[in-house]
Number of protein chains: 2
Amino acid sequence: MERTIPFGVIGMGSQGAVYAKLLNDSEGKHFRLAALSSRSEEKRETYAKLYPDVAYFVDWKEMVASGAVEAVIIATPHKNHPELATYCMEHGVHVLLDKPAGFHSLEVSRMNDCANAHSDVAFGMMFNQRTNAIYQRAKEVIATGEMGKLRRVLWTTTNWWRPDRYYSNSGWRGSWGGEGGGVMMNQAAHQLDLWQWICGMPQKLYAKVEFGAHRDIVVDNDVTIVADFGDGVTGTFITCANDPLGVDRLELTLDQGKIVIEGSGKTGSIHRLKMTESDMNSVMPMEQVVAFIQGKPLGDLCIVEELTCAEVWGQQHSILIENFAQHIVSGTPLLSPGVEGLNSLQLANAALLSAWAGEEVTFPLDEQRYLDALNQAITKEGKYDVMR
Amino acid sequence: MERTIPFGVIGMGSQGAVYAKLLNDSEGKHFRLAALSSRSEEKRETYAKLYPDVAYFVDWKEMVASGAVEAVIIATPHKNHPELATYCMEHGVHVLLDKPAGFHSLEVSRMNDCANAHSDVAFGMMFNQRTNAIYQRAKEVIATGEMGKLRRVLWTTTNWWRPDRYYSNSGWRGSWGGEGGGVMMNQAAHQLDLWQWICGMPQKLYAKVEFGAHRDIVVDNDVTIVADFGDGVTGTFITCANDPLGVDRLELTLDQGKIVIEGSGKTGSIHRLKMTESDMNSVMPMEQVVAFIQGKPLGDLCIVEELTCAEVWGQQHSILIENFAQHIVSGTPLLSPGVEGLNSLQLANAALLSAWAGEEVTFPLDEQRYLDALNQAITKEGKYDVMR
C-alpha cells in the first residue's frame with residue numbers, strides 16, 4: 001500500500017461535516033482524516049466523540065502550522081476561499097477547495113497566480129460532478145473529434161428549486177455582499193463548470209437575468225445565457241431556482257450526431273449518424289433527402305448508444321478526494337485542477353456584467369470592470385463591505 | 001346548407017396545387033374551387049383535365065375582375081404577398097394569404113392599414129398549425145390564467161432540416177433579395193407565429209444568429225432568440241435548418257405548473273401543481289421542502305394531464321380554409337386573422353436587426369430601420385433590387 005495523505009477540513013458547517021465523514025471512511029484509499037478546524041469551540045466535544053484520534057483547531061492557521069496535515073479541504077463560506085487557499089499554498093499545504101472558487105474573477109486570478117508560483121503544492125477544486133462517467137464520455141467525444149466538431153449546445157438546468165426560507169435561514173445567502181450572486185454562483189456552478197469543461201470557454205456571451213425572480217432576494221434567480229464559442233458554434237444555458245418542475249437536460253449537437261444527458265447526469269444517449277451531417281447535405285441520394293424531409297425516420301442512418309453511470313450519487317466527492325490524494329502520492333492527473341475554478345466563476349461574472357450592461361461581453365473578462373460593478377451592487381445593498 | 005364561397009388560387013406552384021386540391025374537395029364545406037391563376041400558359045391544359053369546370057387565368061388581375069371568385073388564396077412567392085393582397089382587398093375580394101405575410105414589417109404594416117380600411121373584406125393568414133388542439137389548449141390555459149401567469153417559455157424547433165440542394169434548386173431561396181431571410185422567414189415562421197399567439201409579443205428581444213451555418217447560403221440558419229415579455233417573463237426560441245436530429249419542443253412554465261408540447265404538436269402534457277409555486281415557496285411545510293430539495297419526487301403534489309390532437313396532419317389547411325369561409329358566410333371568428341401575420345414577421349425582422357446591430361431590440365419595431373438594414377444586405381448580395 002502506498003502512503004496515505006493526512007487531511008484537515010477547514011470549516012465544519014454542514015458540508016465540512018460531510019467531508020470529515022468521507023475522509024474518515026478511508027479504507028483502501030490514499031487519504032485519511034487527521035484534523036478538523038472550526039471557529040466554534042462548542043463543536044470540539046462533538047467531534048472528539050465522533051473522531052477521538054483527530055486533532056481539533058479553533059484557529060485554522062494553527063492547524064496549518066501544526067504539521068498534522070499535508071492537505072486541507074476548504075469548506076468555509078466562499079467569501080474567504082481565495083484568502084484561505086492562498087495562505088495554505090504559501091505554507092506548503094495542498095488545497096482541495098470547495099466551489100465556488102471565490103466571489104469574483106480578479107481575486108481568483110490572484111489565487112491562481114499563487115498556485116502557479118507554488119507548483120510543489122497540489123491545488124484542486126471540488127467539482128464532484130466531473131466524476132460522472134456520462135459527462136466524462138461527452139467530454140471525450142468532443143475532445144477526440146470522433147463525431148466531428150461541436151456545433152451547438154443547450155443546457156437547461158432549472159431543477160434547483162429553493163424557497164425563501166432557504167435564503168432567510170442563512171442571512172448571507174441571496175445577497176451581493178454575502179454570497180456574491182445567486183443561482184449561478186451557488187447551485188448552477190456545477191453545470192457552468194461542466195459546460196466549459198466539456199465545450200471549452202466561449203469567446204463572448206450575452207445574458208438576460210431576472211434578479212430576485214419570485215423570491216425575496218436581490219441576486220440572479222432566472223438566467224438565460226447565449227454564448228458564442230467562435231467559428232459558428234453557439235450555446236444556450238438556462239437556469240433558475242424557482243421551478244419545482246425544472247429539468248437538468250444537456251444537448252450537444254455535433255457534425256455527426258447528438259449527445260443528450262438528462263436528470264443531472266443520471267441517463268444519457270449518443271445518437272451517432274452513419275454519415276456526417278455535411279455528407280447528408282452533399283451526397284445523400286435525393287430520394288432519401290425527400291423522404292427524410294417528408295417525415296421518414298432516420299432509421300438505421302442513426303445508431304443510438306445508451307450511456308450509463310455506475311457510480312452512486314454520494315460517491316462523487318469521495319472519488320474526487322481520492323483522485324486528489326493519488327495526485328499527491330503518485331502524480332495521477334487531477335480530474336479537477338484548482339485553477340479551473342476560475343472558468344465557471346468567470347462565466348457567472350460575465351453573465352451578470354452582460355445583464356447589467358445590456359450588452360454582449362467578450363472574454364478574457366475585464367476583471368476590474370466586473371469587480372467595480374459587483375461593488376456597486378454591494379454598496380447599493382448596504383449590508384456588507386465592498387470586495388477587493 | 002348555407003351558401004358556399006367561390007375561391008380562386010393565385011400562384012400554382014407546389015403549394016398552390018395543394019390548395020386547389022383542398023378547395024376542390026369541398027363536400028359539406030362552405031368553400032368551393034372556382035378559378036385558378038398562374039403565369040404559366042402550359043399549366044392551363046393540366047388543370048383543365050384535373051378541374052374541367054374551373055376557370056383558368058394567366059393574369060391574376062383578370063381573375064379578380066372576372067367576378068368568378070369571392071375569395072382568393074395567395075400562394076405566390078412571398079415577395080409580392082403584400083402587393084397582391086392589397087390589390088385584392090381594394091377590389092373587394094377576400095384574401096387568405098400564405099405565410100410569411102411579406103418580406104419586411106413596413107410593407108406588411110401598409111398591407112394591414114389597407115385591410116383595416118376595408119373591413120368589409122375578410123383577411124386571413126394561412127397559419128395552419130393554429131388548428132392544432134394541443135396548441136389551442138396551451139393558449140387557453142395562459143389566456144384564462146387557470147394555472148396562473150406565464151413565467152418562462154423555451155421553444156426549441158430545430159427539426160427543419162434542409163440540404164443545399166433545397167436552396168440551389170430554387171435560386172431565390174436562401175437569399176436576402178429573393179427570400180428576405182432564412183429559417184426564420186420560411187420554416188420556423190409557423191413556430192414564431194404560435195409563440196406570439198400563445199405567449200403574446202415580447203417587449204424586447206436579443207438574437208444571436210449564424211448566417212449560412214453549414215450551408216452555401218447567406219441568410220439566417222442558426223438562431224437563438226432571448227425575449228423579454230416584461231414583468232419578469234422571459235423566453236428563448238432556438239431554430240436551425242441543419243440538424244437531422246433536431247427536435248420541436250415547447251416548454252411553458254407557469255405559476256402553477258408546466259405545459260410541454262413535443263413533436264411539432266403531436267403530443268403534449270400539462271403538469272399541474274396542486275398549490276401554486278408561490279404557495280410552495282411560502283406555506284409548504286418545512287419537512288416537505290427539505291424532502292423535495294433532497295430529491296423526493298413531487299408525487300401527488302402534481303397532476304399530469306396528457307394532451308391529444310385528433311386531427312390528421314394534412315387536415316390543418318382544410319380546417320383553416322373552412323374557418324375562413326365560415327367567417328365570410330356567418331361571421332365565425334377567424335382562427336388566424338390576416339393582420340396577425342405582422343407579428344411573426346416582426347419577430348424575425350427584429351431578431352435579424354438585433355444580430356446585425358449586436359444589441360437588444362425594442363418593440364414596436366423601428367420598421368424603417370429594419371428595411372434599411374435589409375436593403376443593405378440586398379445591396380451587398382448584388383442580385384436583386386432593394387425593397388421599398
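In this predicted model, Asp193(A) counts as buried because its relative accessibility is 1%, below the 20% cut-off. Its charged partner is Arg130(A), with the closest N and O atoms of the salt bridge 2.8 Å apart. Asp193(A) belongs to helix 9 (residues 189–199) of chain A, while Arg130(A) sits in the loop between strand 6 (123–125) and helix 6 (133–144), so the pair ties together parts that are 63 residues apart in sequence. Arg130(A) is buried as well, with a relative accessible area of 0%. Side chains of opposite charge can pair when their charged atoms come close, and over all chains the count comes to 45 salt bridges.

A second example in chain A joins Glu146(A) to Arg272(A), with 3.4 Å between the closest N and O atoms. This pair links distant parts of the chain, 126 residues apart: Glu146(A) is in the loop between helix 6 and strand 7 (150–157), and Arg272(A) is in strand 13 (residues 267–273). In chain B, the side chains of Glu305(B) and Arg137(B) meet in a salt bridge at 3.9 Å, N to O. Strand 14 (residues 302–307) of chain B carries Glu305(B) and helix 6 (residues 133–144) of chain B carries Arg137(B), the two residues being 168 residues apart. Glu305(B) is partly exposed, at 31% relative accessibility. Back in chain A, salt bridges that share partners join Arg137(A), Glu140(A), Glu146(A), Arg272(A) and Glu305(A) into one network.

Turning to the interface, chain A and chain B bury about 4,600 Å² between them, and 57% of that area is on carbon and sulfur atoms. Each side is represented in the contact, with 49 residues from chain A and 49 residues from chain B. Between the two chains the count is 10 salt bridges; one that crosses from chain to chain pairs Arg152(A) with Asp222(B), at 3.1 Å between the closest N and O atoms.

Next come the nonpolar cores. The largest has 60 residues, and those with the most contacts inside it are Trp195(A), Ile198(A), Ile225(A) and Leu252(A). Apart from it lies another core of 59 residues, including Leu106(B), Leu252(B), Ile270(B) and Leu307(B). Beyond its sequence neighbours up to four places away, Leu252(A) touches residues including Ile142(A), Val153(A), Ile198(A) and Ile259(A), as well as Arg152(A).

Across the whole structure, a search finds 31 aromatic pairs over all chains. Phe211(B) and Trp356(B) form a stacked pair, 6.2 Å centre to centre with 10° between the planes. Phe211(B) lies in strand 8 (residues 204–211) of chain B and Trp356(B) in helix 13 (residues 341–357) of chain B, so this pair ties together parts that are 145 residues apart in sequence. Phe211(B) is partly exposed, at 32% relative accessibility, and Trp356(B) is partly exposed, with a relative accessible area of 32%. Rings also meet charges: Arg162(A) lies over the face of Tyr166(A), 5.3 Å from the ring centre, and Arg162(B) lies over the face of Tyr166(B), at 5.3 Å from the ring centre.

Terms used:
Residues are numbered from 1 along each chain as its sequence is written. Chains are lettered from A and ligands numbered from 1 in the order in which they are written. This is a predicted model: local features need pLDDT of at least 70, side-chain atom pairs count only at pLDDT 80 or more; totals for chains, interfaces and linings use all residues. Side-chain values use heavy atoms; hydrogens and water are left out. A nonpolar core is a set of buried Ala, Val, Leu, Ile, Met, Phe, Trp, Tyr and Cys residues joined through side-chain atoms within 4.5 Å. Buried means under 20% relative accessible area, exposed over 50%, partly exposed in between (1.4 Å probe, protein chains only). Contact means heavy atoms within 4.5 Å. Rings of Phe, Tyr and Trp (its six-membered ring) pair if their centres lie within 6.5 Å; planes under 30 degrees apart count as stacked, over 60 as edge-to-face and the rest as tilted. Helices (H or I, at least four residues) and strands (E, at least two) are DSSP runs, numbered from the N terminus. A charge sits over a ring if NZ of Lys or CZ of Arg is within 6 Å of the ring centre and within 35 degrees of the ring normal. Buried area is the accessible area (1.4 Å probe) that two parts lose on being put together, summed over both. A salt bridge is a side-chain nitrogen of Lys or Arg within 4 Å of a carboxyl oxygen of Asp or Glu.
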